[in-house]
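This briefing covers the chains, their contact, the core and some individual residues. Please look over the sequence and structure before reading on.

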Amino acid sequence: MTEQLQQFFTQHYDLITIVILSVFLGIEVIGRVPSVLHTPLMSGANAIHGVVIIGAIIVMGEAEPDNYLALTLGFLAVVLGTLNVVGGFVVTDRMLEMFKKKK
Amino acid sequence: MNSILLLSYLIGSVTFIIGLKMLSHPDSARRGNLIAAFGMTIAIVATIFLYEKDGARLHNYGWIFGGLAIGTVIGTAVAKKVKMTAMPEMVSMFNGMGGACAMLISIVEFNHLQHSVLLGGAVSIGVLVIIVLGMIIGSVSFAGSMIAWGKLNGTIKDRSFGAQQFINIGLLLLILVVTVYFLFQCTDAQQFTASGVTVFFYSILAVSLLYGILFVMPIGGADMPVVISLLNSFTGVAAAFGGFLYDNPVMLTGGILVGSAGTILTMLMCRAMNRSLKNVLIGALGSKKTGGAAGSKEQGNYKEISLNDTAVLMAYARKVIIVPGYGLAVAQAQHACHELEKLLEEKGVEVKYGIHPVAGRMPGHMNVLLAEADVPYDKLLEMEDANQEFGSTNVVLILGANDVVNPAAKDDPSSPIYGMPILEVDQAEHVIVNKRSMKPGYAGIENDLFFKPKTSMLFGDAKKVLQDLASELKQV
């Protein structure tokens, strides 16, 4: 099994590097956030992890016509993923709208 | 992969990074959100039309666009209609949807893997690990987020029982053990398609869902924003696992960014409450016990004040600071509050608002509420600034705030909120507390402020009290 893991690591080295760099990037990007922005930031991050919908689209798009499991679950996954993305960005926008400084 | 597709993914990843960075600053926050949304759209559209596996593009466009349409319509409608005060619930709900999406993807891919093994393919343990982990994290996040939604909704009460922590840890270990055993079983290709293995897979799913529920159940409603932030980063990690599964760079970056940024944000939120994450997760169990004990102590007497006396007191004050809390939000009294503020200012009283970082149900809750009522932004004082001004304030009007003005945070080392910085309202000349009754607030802790000599209680629903106060003021 360690053979397989080693092979996995070498094969996916680039992606693994991206992951590690992204961890540091995520930490750096947050930096100092005024507490008033904690919730909109959380909401924005929530929308961004809706990128999982791409996996759902792939599942849906590859589903064979006789594979009912893939068709139904894939469809459900697309709907749920879209809710995360669209709902997430719209809700974040609404929260930020309220923070406009009145000139 | 198609080079245009890869470019779109790169654009997507970059917009996520820039978007998150911009979301950390008040001036650029709104644009940051739009930029990230734009990048997301590009990545999604490119995937639909350009994704290829083994030379074949995606099909089932009808299903895909149908799903996208339904999700967009419902998502937009719900997000636009939801009340400001229900925002954290919505974030939790959408987070749960993301977690569920990751969970479903894992289920389908496991099914695919089983079929391909049946047709003679080899079992890749790496792929299997990714699928299972993605499923576990997605399910925990989904179940937990739904419970968090229910709690903020008021539908689900805080519930915990003595052995809760042990059961939770036990469940976690169970998931670990069963998963490892399951993975070892799978190294044997023949075993892999046996129905036993399928049962194992779905039991891991079931236990993960259960864990998600029990994980969030005991945590107090007041701590929900922290939990939601944590679950948010979980879903990010689940999305990243999806990225690993499909060798998809944008799912990876988006997922990991949220996973790591979300974790930092969770820690920041804990710091604002001056509580450790561990303290939050151990949950209401601790504070309920203290609340119970304190409740039986002799608390002393409190004074009540009438509407008329309050109006007079405030009308002749030089400076009044209003401290809003969750009670204001529940009563939807922000407009009545603004009316009162305007009336006082007409009488020459200086009115400001003292905003504690965790007043309400989420950081920024009070700001949003007051902004909705058109309260000028510059009247809102952050805690440090407000604390400088209480000494020169004649009247502090506390509207449904409790823990954020509780002196136990300073004086009582055994209190669950000990160490949390509070609004030092007892430095003012008079303190008037508006609550519906003497019952302890959401966190269940008694508040000695109510029994101090300078404090008077003004009972009633915030909205009604404020409206009545306004009427009284007009006659003073």
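A crossing is called left-handed if the near helix is turned anticlockwise from the far one by less than a right angle, and right-handed if clockwise. Helices (H or I, at least four residues) and strands (E, at least two) are DSSP runs, numbered from the N terminus. This is a predicted model, in which local features need pLDDT of at least 70 and side-chain atom pairs count only at pLDDT 80 or more, while totals for chains, interfaces and linings use all residues. Residues are numbered from 1 along each chain as its sequence is written, and chains are lettered from A and ligands numbered from 1 in the order in which they are written.

**Chains and domains**

- Chain A is divided into domain 1 (1-31) and domain 2 (33-103); domain bounds come from an automatic or database domain assignment.
- The C-alpha centres of domain 1 and domain 2 of chain A lie 24 Å apart.
- Chain B has domain 1 (1-81), domain 2 (86-282) and domain 3 (300-475).
- Between the C-alpha centres of domain 2 and domain 3 of chain B the distance is 40 Å.
- Chain B contains 19 helices and 9 strands, and its C-alpha trace spans about 85 × 50 × 30 Å along the principal axes.
- Of the 476 residues in chain B, 49% are buried; a residue is buried if 20 or more other C-beta atoms lie within 10 Å of its own, exposed if 12 or fewer, and partly exposed in between, with C-beta atoms placed from the backbone.
- Among contacts in chain B between residues at least 6 apart in sequence, 80% join residues at least 24 apart; two residues are in contact if their C-beta atoms, placed from the backbone, lie within 7 Å.

**Contact between chains A and B**

- Chain A contributes 77 residues to the contact and chain B contributes 99 residues.
- On the side of chain A that touches chain B, the elements giving two or more residues are α1 (2-11), α2 (13-30), α3, α4 (53-62) and α5 (68-97) of chain A.
- Of these, α5(A) gives the most, with 27 residues.
- The axes of α5(A) and helix α4 (residues 87-118) of chain B come within 8 Å and cross at roughly 155 degrees; axes are lines fitted to C-alpha atoms, for helices over the stretch in contact, and angles run from 0 to 180 degrees between N-to-C directions.
- α5(A) and α4(B) are therefore roughly antiparallel to each other, and their crossing is left-handed.
- Angles under 35 degrees count as roughly parallel, over 145 as roughly antiparallel, 65 to 115 as roughly perpendicular and the rest as oblique.
- Helix α3 (residues 38-48) of chain A packs against helix α9 (residues 224-245) of chain B at an angle of about 30 degrees, with the axes 10 Å apart, so α3(A) and α9(B) are roughly parallel to each other.
- In this pair, Thr39(A), Met42(A), Ala45(A) and Asn46(A) of α3(A) make the contact with Pro225(B), Ile228(B), Ser229(B) and Asn232(B) of α9(B).
- α3(A) passes α9(B) in a left-handed crossing.

**Nonpolar core**

- A nonpolar core is a set of buried Ala, Val, Leu, Ile, Met, Phe, Trp, Tyr and Cys residues joined through C-beta atoms within 7 Å.
- The largest one has 179 residues, and Cys101(B), Val396(B) and Ile398(B) have the most contacts inside it.
- Not counting residues up to four places away in sequence, Cys101(B) touches Val52(A), Ile53(A), Ala56(A), Ala77(A), Leu80(A), Gly81(A) and Asn84(A).

**Helix pair within chain B**

- Helix α13 (residues 307-315) and helix α19 (residues 462-475) of chain B pack at an angle of about 65 degrees, with their axes 9 Å apart.
- α13(B) passes α19(B) in a right-handed crossing.
- Leu307(B), Asn308(B), Thr310(B), Ala311(B) and Ala315(B) in α13(B) meet Asp468(B), Leu469(B), Glu472(B) and Leu473(B) in α19(B).

**Loop residues of chain B**

- Met84(B), in the loop between α3 (61-81) and α4 of chain B, is partly exposed because 16 other C-beta atoms lie within 10 Å.
- Leaving aside neighbours within four places in sequence, Met84(B) is in contact with Val368(B), Leu369(B) and Glu372(B).
- Gln332(B) is in the loop between α14 (326-330) and α15 (334-346) of chain B, and has a positive phi of about 50 degrees although it is not a glycine.
- Asp374(B), in the loop between α16 (365-372) and β6 (380-382) of chain B, has a positive phi near 65 degrees.
- Asp374(B) counts as exposed because it has 12 C-beta neighbours inside 10 Å, whereas Gln332(B), with 17, counts as partly exposed.
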